[in-house]
Amino acid sequence: MITFRNVTKRYSNDYCALKNVSLEIHSGEFVFIVGASGAGKSTLMKLLYSEEKPSSGIVSIGGINIANLSNDQIPNLRRCMGIVFQDYKLLQNQTVFDNVAYVIRTLGISSKEINARVHGALKIVGLHEKMNATPSELSGGEQQRVGIARAIVNGPPLLIADEPTGNLDPNNSMEIMQILDQINQRGITVIVSTHDSTMVDYFRKRVIKLDQGEIVKDMQAGTYE
């Protein structure tokens, strides 16, 4: 499903964030991307949704080299994936329902279908009863659950979560990871970048570890160290 082939990413200040990275992630996998700050995790994730372009090499999803996409084509790519951010990126003046519905209201589907999809996504993350609340009325863990619901409301085959528990306490972190695990069990490919060693060790998924822009470990049912 996802292929990185000899991917290097060098920034304008000549900093090399990724160095000749090659990997494959298959449909239905759950993968942790781990490593210290500055290891290249966020750069790798941004390459997946074309926030960044590789300096060299190929990044392909479903056989399409997304590095060659024009700016006009990138929104279509992102409609095929869900993205969860560390800082939630919710619309503060909108309700939970409207935050989740936001990404599918431009797709030309009926109000009835939008309503059904939003209700379904909120039930998966356990926030159906708070769909009329605003983000300021929610805890950090609840806001991240809204972010996950927004990411899955369109039924994407791929979910990308960049440090989804970075702002959360251990209990909320566990709840978020359990939700992501449940989503993966529905057949969705899940890729999570994290520095949370406790979560990685608990769930024992595939672990790809980066160090100074290079893959130093790729292990099934792995641990952080």
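User: Which strands form the open sheet, and in what order?
Analyst: Six strands make up the open sheet, ordered β6-β7-β8-β3-β9-β10, with mixed pairing. Two strands pair if DSSP finds at least two bridges between them. Strands (E, at least two residues) and helices (H or I, at least four) are DSSP runs, numbered from the N terminus.

User: Which strands stand at the edges?
Analyst: β6 and β10 (214-219) do; each has a single partner strand, so one side of each is left without a neighbour in the sheet. Neighbouring strands are turned by 15° against each other on average, direction ignored. Axes here are lines fitted to C-alpha atoms, for helices over the stretch in contact, and angles run from 0 to 180 degrees between N-to-C directions.

User: Before going on, what kind of model is this?
Analyst: This is a predicted model: local features need pLDDT of at least 70, side-chain atom pairs count only at pLDDT 80 or more, and totals for chains, interfaces and linings use all residues. Residues are numbered from 1 along each chain as its sequence is written, and side-chain values use heavy atoms, with hydrogens and water left out.

User: Which way do the residues of β3 point?
Analyst: Phe30, Phe32 and Val34 point one way, and Val31 and Ile33 point the other way.

User: How many bridges join β3 to β8, and how many to β9?
Analyst: Five bridges join β3 to β8, and the two run parallel. Four bridges join β3 to β9 (residues 206-211), also a parallel pair. Valine 34 stands opposite threonine 194 in β8, and its bridge partner in β9 is lysine 209. Isoleucine 33 stands opposite isoleucine 208 in β9.

User: How many residues does α6 have, and how far does it reach?
Analyst: α6 has 16 residues and reaches 22 Å from its first C-alpha to its last, close to the 22 Å expected at 1.5 Å a residue. The expected span is 1.5 Å times one less than the number of residues.

User: Which residues of α6 are buried, and what covers them?
Analyst: The buried residues are Asn172, Ser173, Ile176, Met177, Ile179, Leu180, Asp181, Ile183 and Asn184. Their cover includes β3, α4, α5, β7, β8 and α7.

User: What is asparagine 184 in contact with?
Analyst: Leaving aside neighbours within four places in sequence, asparagine 184 is in contact with Gly28, Glu29, Phe30, Thr189, Val190 and Lys205. Contact means heavy atoms within 4.5 Å. The relative accessible area of asparagine 184 is 11%.

User: How many residues are in the largest nonpolar core?
Analyst: It has 42 residues, and those with the most contacts inside it are Phe32, Val118, Leu122, Leu159 and Leu180. A nonpolar core is a set of buried Ala, Val, Leu, Ile, Met, Phe, Trp, Tyr and Cys residues joined through side-chain atoms within 4.5 Å. Elements giving two or more residues to this core include α4 (111-124), α5 (140-152) and α6 (170-185). A second, separate core of 28 residues includes Leu48, Val59, Ile160 and Ile191.

User: New topic: how many disulfides are there?
Analyst: Zero, from a search of the whole structure; a disulfide is a pair of cysteine sulfur atoms within 2.5 Å. Cysteine 16 is buried at 13% relative accessibility, while cysteine 80 is partly exposed at 46%.

User: Last one. What is the phi of asparagine 6?
Analyst: Asparagine 6 has a positive phi of about 50°, although it is not a glycine. Asparagine 6 is in strand β1 (residues 2-10) and is partly exposed, at 39% relative accessible area. Aspartate 14 also has a positive phi, near 75°. Aspartate 14 is in the loop between β1 and β2 (16-25) and counts as exposed, at 53% relative accessibility.

How values were computed: Buried means under 20% relative accessible area, exposed over 50%, partly exposed in between (1.4 Å probe, protein chains only).
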